Amino acid sequence: MLRTNGNSKRNDTYTIGESMKRVILVLMMLAWAGMAQADVTYRVLAKNFDDGKNILTLTQYKIDGVEVISRYPKLDGKYYWVVRYTASRMVGMSDVEIDDLIIKDIKGFCRDLTISAFSKIKIQDIFDNHMESIVGKTGVLKSTKLQIDTDGDGIDDTEATIKTDGTHIESPIIISP
Ligand SMILES: [Ca+2]
């Protein structure tokens with residue numbers, strides 16, 4: 001049927017092209033949203049000297065696109081975090097090794113920020129949604145067991161079942177060969 005109508009065929013092709021474009025656009029938006037909303041990014045803003053003794057790196061961090069606020073005054077309107085390096089930590093290193101050392105430290109802080117952001121949301125979720133049945137639960141522990149070394153040879157040989165009233169029952173630990 002399409003073959004007999006050139007216009008119809010062209011319209012179908014056009015429609016498929018448009019919906020493909022829409023799918024690609026949606027995928028790109030999802031990818032962008034994913035990148036912008038669930039990550040920690042860093043940008044090294046500057047290197048500096050501390051009274052000629054230490055090298056400082058000034059690094060800006062963002063969690064989900066939101067700047068991480070620090071106690072330092074802003075640099076060009078940006079918050080930054082400082083790491084200090086002494087010569088002794090960098091002596092003998094190549095330029096690449098020095099870069100790697102600094103980036104490793106920065107990524108360590110990114111890791112801390114990720115864990116902290118994750119924990120903050122997760123703990124709230126657990127508290128709000130996964131502890132419905134804990135309040136009101138009751139139970140009892142009548143005794144508990146201790147493993148002790150009665151002859152002082154460094155190997156526990158006796159198990160004591162102890163109670164809150166000061167009584168206990170001892171039984172030997174059978175060590176299987
Ligand atoms: Ca023993």
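How many buried residues does strand β5 (residues 144-148) have among its five residues? In this predicted model, the count is zero, and the strand is hardly covered.

**View 1. Strand β5 beside strand β6.** Strand β5 and strand β6, the latter formed by residues 158-162, run antiparallel and are joined by five bridges. At one place in this pairing, T144 stands opposite I162 of β6.

**View 2. K145 and its contacts.** K145 has its place in strand β5, and it counts as exposed because it has 11 C-beta neighbours inside 10 Å, where the cut-off for an exposed residue is 12 or fewer. When the neighbours within four places in sequence are left aside, K145 is in contact with E159, A160 and T161.

**View 3. I169 in strand β7.** I169 lies in strand β7, which covers residues 168-172. Because 11 other C-beta atoms lie within 10 Å of I169, this residue is exposed.

**View 4. K145 with I169 and E170.** Here the distances are taken between C-alpha atoms, and each can be set beside the separation along the chain. K145 and I169 are 24 residues apart along the chain, and their C-alpha atoms are separated by 9.4 Å. For K145 and E170, the separation is 25 residues in sequence, while the distance in space is 9.5 Å from C-alpha to C-alpha. Of the residues in this view, K145 belongs to strand β5, whereas I169 belongs to strand β7.

Key: Residues numbered from 1 in each chain as written. Predicted model: local features only at pLDDT ≥ 70, side-chain atom pairs only at ≥ 80, totals over all residues. Buried ≥ 20, exposed ≤ 12 C-beta atoms within 10 Å, placed from the backbone. Helix = DSSP H or I, 4+ residues; strand = E, 2+ residues; numbered from the N terminus. Pairing = 2+ DSSP bridges. Contact = placed C-beta atoms within 7 Å.
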